[in-house]
Amino acid sequence: MKFIAIDFETANSSRTSACSLGITFVENKEIIDSKHFYIRPTPNYYNFINVGIHGITKNDTDDKKDFKELWEEIKPYFENNKVIAHNASFDLSVLRTTLEHYQI
């Protein structure tokens with residue numbers, strides 16, 4: 001079985017405010033790779049509650065790509081892969097809402 005596991009962090013209460021994405025690649029029950037991306041969130045502000053959860057701040061993401069710019073790089077990871085997440089209702093809603101926001 002082959003799949004990717006994803007984990008998003010958001011900067012604020014908006015589902016389009018992804019500021020971090022972790023992807024783990026699994027094949028035949030073994031982790032074969034993992035990647036992490038900081039993302040400049042939309043809207044670009046940080047709620048203290050979110051920062052308290054994940055520790056990511058505006059300084060970490062100001063010079064990073066926004067999701068639309070990053071999508072071309074990460075899109076191949078999602079193609080022909082099953083996607084799972086520990087908190088799937090949250091993580092998949094961040095992905096779906098952000099893709100819709102950018103009309104991707």
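Q: What does the accessible surface of the protein chain come to?
A: The protein chain has about 6300 Å² of accessible surface, and 50% of that belongs to carbon and sulfur atoms. Such areas come from the Shrake-Rupley method with a 1.4 Å probe, and for residues only the protein chains shown count as cover. The model is predicted: local features need pLDDT of at least 70, side-chain atom pairs count only at pLDDT 80 or more, and totals for chains, interfaces and linings use all residues. Residues are numbered from 1 along each chain as its sequence is written, and side-chain values use heavy atoms, with hydrogens and water left out.

Q: And which elements, in what order from the N terminus on?
A: The order is β-β-β-α-α-α-β-α, with four helices and four strands in the protein chain. Helices (H or I, at least four residues) and strands (E, at least two) are DSSP runs, numbered from the N terminus.

Q: Turning to S93, where does it lie?
A: S93 belongs to helix α4, which covers residues 88-101.

Q: Why does S93 count as buried?
A: S93 counts as buried because its relative accessibility is 8%; buried means under 20% relative accessible area, exposed over 50%, and partly exposed in between (1.4 Å probe, protein chains only).

Q: Which residues is S93 in contact with, leaving aside neighbours within four places in sequence?
A: These are R15 and A88, where contact means heavy atoms within 4.5 Å.

Q: How much of the protein chain do buried residues make up?
A: Of the 104 residues in the protein chain, 39% are buried.
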